[in-house]
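Here's a quick tour of a protein model, written for someone new to reading structures. Have a look at the picture first, and then we'll walk through it piece by piece.

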Amino acid sequence: MSRSIILTTVVAIAALAAVLLPKAYHANHTPSARAVTHEMESDPPPPPAVKEARFGGETIKTERQQSSPLVNAVSVPSWQEVGPLSMTDPGQPAIFEPSQGRMNTIAVDPKNPQHLYAGAASGGVWVTNDGGTTWSPRAQMLPVITISSLVVDPNDGNVVYAATGDADGRETPSIGVYKSTDGGATWAVTGLTYQLTDFRYIPKLAIDPTNGSNVYAGTTEGVYYTRNGGTNWTKVTPDGGNFTVYRDIKLRPGSPATVYTVTDAGVFFRSVDSGVTWQAATAGLPDAASTMRAVLGVTAADPNIVYLLAASSTDLGIYKSNDGGSTFAKIPSDSLKTFATQQATFYDLVLAISPTNPSELMGGVVSVIRSTDGGATWFYTSSGPNNTANPIVHVDQHDIEYINNAIYDCSDGGLHRSPDGGVSWANLSPTLGVGQIYQFGGSKQNPSLIYVGEQDNGFNRYNGTKWEHFNAGDFGRIAVDPTNDQVVYASANFALFKYTDLNTNPTQLQVTATEGKRFEGAPIVINPANTQVVYAGYENVYRSPDGGATWNNVSNFTDKQNVNVIALAPSDPKTLYVGRSNAFSSTGSFYRSTDEGGTFTDISAGLPLTATGVAVDPKNPMRLWVSLQGGNTNAVYFSQDGGATWTNFSGTTLPNSSTRAIVYENGSQDALYIGTVAGVYYRNATMNDWQAYNNNLPNVIVDSLEIDYNSSKIRAGTYGRGLWQTLLAGVTPGVVGNVSTRLPVGTGDNVLIEGFIVQGPAGSAKKIIVRAIGPSLVPFGITDALANPTLEIHDANNAIVATNDNWKTTQVGGLITGDQSAEITASGLAPGNDLESAIIANLAPGSYTAVVRGLGNTVGTGVVDAYDLSAGSPAKLANIATRGLIQPGDKLMIAGFIVQNGPVRAVVRAIGPSLAAFGITNALADTTLQLRDQNGAIVVENDNWKVRLDGSSQQAEVEATGLQPTNDLEAAVVTTLQPGQYTAQVRGKPESTGTGVVQVYFLQ
């Protein structure tokens, strides 16, 4: 027999623990059954005036940690990224999506065109070594992971400089320039540093192509240069002022001692001594009084040419110098003005010139535009209104560069590349996890179903296997009907939508036409006791009694503040709490209503800052905790009397950063999770302070939190790194309990073989019971049940370590040292027939196989199963694999298992053709695979492992696990399994006979 096949194809990855017997036994030993407008899409984030509300009082965070020991600290499980990644686009115009999130900058290793760096608006630095097909995150733990500009040392592609802060959106101030000498793996601050409270930005870096130690930075307070790789910086102010925004900085091609810079007012300066002294251009520049943003373009095709693209509130103008920046002249262009938008003046304006043709210009405003005649005429190349040619690239451009004969564009939707001057574009964004999530909502029925609202990337859904995009624009707030997860409210920049079926068009709800738009969307809350009652917050609180058909202003506030948060008391939905503020102030107001909004009581006294979130005790509507926009000493407040009085609950261990969200864990000892600008923190009633809950979570803004009780997970919507999730505090990680396989048992190589691995620390052991079942199958309709099964357990060296024929008669030897019949009976897992076999074994970490035969070489359908009898042991069962003869009809192969405690990520494979290499002469030629739940419903199925049944590719997802089959005719699925019973069913295609293997790998 080739039992070694099992051992060589099973890899220990994660926990597993006992048996499900599909169509025979389960855990109880009984049978188991079998669109919007272009205007919405192009809006930028909130204006810079809100920055003080978000960052006021903060200083640089060097690391996330407690400052003192905590009482009853909990173990923190590792966070896992959910996405959005590889977004699909069912029916939306390609102009809008699919896309990932805002990218600000792109830079290339001059010595390796496949090695590029990209900077995200709030998602750190990313690196690729294959030209952009796949990206890996870097700089995820910097004190600030917002990036405005990147440059790479011309002589060493592993040396890269990053300008922190978000100079376009101006949501996160800069903390200076950081440098990496190992390709982004580690970073060190340079001599140019700021505090967040300085509110400085660094829009652009430039590096000398002949000397990587010479770096320039255009900032909001002057131009800086370094001659020693960032150790020391010198500040100059070409215009003599200290607060001018130096938007762009370029070096003259071929003469790097000549440096150009331009201010947001369109004032141009040139230095011919590497930035020491500066001279202004003498003529031809735009009117500084009306110009609000300007950028530069130079080209190696003619180093004397300098282009300047300037935007006012109503105009775009292109200016050209033919004398290296001494004088300029405006190029008449009626077509350029048609692309003028208010946004170009403060959010998106970029320019690049072809290095081989000085008349070929690429510009970026809301859309990507191009000129081939030196700026006289301009046209769309990649994005624009509906029905515009080549609507591929997302709107709102933040960087555009000619790199190695291609054009790279960074936009609100990610990163794109054109090899042909903008005629066609490739999306390089699928593996960039940089989504800026405002809020998300999960299904109460299906833990795999999650809806998210993103900055400029719309309303999206994750269904457990893939991400789907359903609407474009800025979607901020999500509310999922707790009784029907197909009813979803999603608020956008200009509108509130209600979805009753995502496969049909949404209904746009008219709430108010008088209070203006809400950039992040209106907060929405559904009454769980009556889901027709819905609340939405604008300047006032609006209530709908009929599922959004009609709305009533129930608050009648007149002070022009906006509603930031609405919370209903779970035990009394008539009680609601409302937090409001002015976006230009860090203080706000807070209210309580106990009659569904009939009357409101101001309970602001005692709250020092604006409320960002509310968590109400699920058993007491008067006990609540409020997260605030302040730093560590004003982060969380508590009230036990409905807000009549407040107690500071901030403790001493929180980072000095704004608190963005709070959630209460039901059934706990007042367990609370808060989202901050520096990750997630946890505290319960037994603890003396807050604890960082950030294992593997990037140092990112967490704007929203939600608990999914079906999977025992806390989820975090981050502003810059998408959606993440991990187990709740104290929850045992998802394990697999009860593994079993049903198969026809033949003779020779066609006996039933199940392989498994015990994984754990040295000295540990896993106590299990293994059974071989035959006669007991007859009552369940198995007419050819194996009459008398025998059982062997083999170790990794193929040595038999335990045997049994009839379970009541113990066969002492190997691992069995005494009679086991009483212990088997006491386990409650004794076989139902005396002719069936069972073994209790204490197994050290290692590989094992259980072999089932018919006594006297008899044949028939049998089952092998294994149960964990030592759940508290650090050792775990890990992964199952079964080999046997697969035949048509009911003689298929069925492997069953139970997921317990929490969800697990699994790879299931059906192997056939590749067995021939191991001497299996009758290997199944083509396999099919179905994974079914305890009700017999198909969870997922596959024929060819590279392609899903809907035709979409899953090759990259499978290959990322390292467990891809070696033959295209073999099947595989990758999926997250929630707690429950599952069966993996393998057949030959078409109904054919042959030896096959089913394997289940547990990835977490």
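Strands here are DSSP runs of E with at least two residues, helices are runs of H or I with at least four residues, and both are numbered from the N terminus. Two strands count as paired if DSSP finds at least two bridges between them. This is a predicted model, where local features need pLDDT of at least 70 and side-chain atom pairs count only at pLDDT 80 or more, while totals for chains, interfaces and linings use all residues. Residues are numbered from 1 along each chain as its sequence is written, and side-chain values use heavy atoms, with hydrogens and water left out.

**The sheet around β46**
- Within that pairing, Ala611 stands opposite Leu628 in β47.
- The pair belongs to an open sheet of four strands, in the order β46-β47-β48-β49, with antiparallel pairing.
- At the edges stand β46 (611-616) and β49, each with a single partner strand, so one side of each has no neighbour in the sheet.
- As background, strands of a sheet pair through backbone hydrogen bonds, either parallel or antiparallel.

**The chain as a whole**
- The chain holds six helices and 72 strands.
- Of its 1004 residues, 62% are buried (buried means under 20% relative accessible area, exposed over 50%, and partly exposed in between, with a 1.4 Å probe and protein chains only).
- The accessible surface of the chain is about 33,200 Å², and 49% of that belongs to carbon and sulfur atoms (areas come from the Shrake-Rupley method with a 1.4 Å probe, and for residues only the protein chains shown count as cover).

**Other strands to find**
- A second stop is the open sheet of four strands with the order β38-β39-β40-β41, where the pairing is antiparallel.
- Its edge strands are β38 (524-526) and β41 (552-553), and each pairs on one side only.
- Inside this sheet, β39 (residues 534-537) and β40 (residues 541-544) run antiparallel and are joined by four bridges, with Tyr535 standing opposite Arg543 in β40.
- How many residues of strand β18 (residues 293-298) are buried? Six of the six are, so β18 is largely enclosed by the rest of the structure.
- Arg293, Val295 and Gly297 point one way from β18, while Ala294, Leu296 and Val298 point the other way, and all are buried.
- β18 runs antiparallel to strand β19 (residues 306-311), joined by six bridges, and Val298 stands opposite Val306 in β19.
- Tyr577 sits in strand β43 (residues 572-581) and is buried, at 0% relative accessibility.
- Tyr577 and Arg592 are 15 residues apart along the chain, with their C-alpha atoms separated by 4.6 Å.

**Nonpolar cores**
- The largest nonpolar core has 48 residues, and those with the most contacts inside it are Val770, Ile793, Val852, Phe897, Leu929 and Leu977 (a core is a set of buried Ala, Val, Leu, Ile, Met, Phe, Trp, Tyr and Cys residues joined through side-chain atoms within 4.5 Å).
- Apart from that core lies another, of 20 residues, among them Ala671, Leu697, Leu705 and Trp724.
- Beyond its neighbours within four places in sequence, Leu977 is in contact with residues including Phe897, Val899 and Tyr982 (contact means heavy atoms within 4.5 Å).
- Thr975 lies in strand β70 (residues 971-977) and is buried, with a relative accessible area of 3%.

**Aromatic rings**
- The whole structure has 24 aromatic pairs (rings of Phe, Tyr and Trp, using the six-membered ring of Trp, pair if their centres lie within 6.5 Å; planes under 30 degrees apart count as stacked, over 60 as edge-to-face and the rest as tilted).
- Phe638 and Phe649 have ring centres 6.3 Å apart and planes at 50 degrees, so this pair is tilted.
- Phe638 is buried, with a relative accessible area of 13%.
- For Phe649 and Trp690, the ring centres are 5.9 Å apart and the planes are at 85 degrees, so the pair is edge-to-face.
- Trp690 is buried too, at 0% relative accessibility.
- Ring pairs also link Tyr451, Phe459, Phe475, Phe497 and Tyr499 into a cluster.
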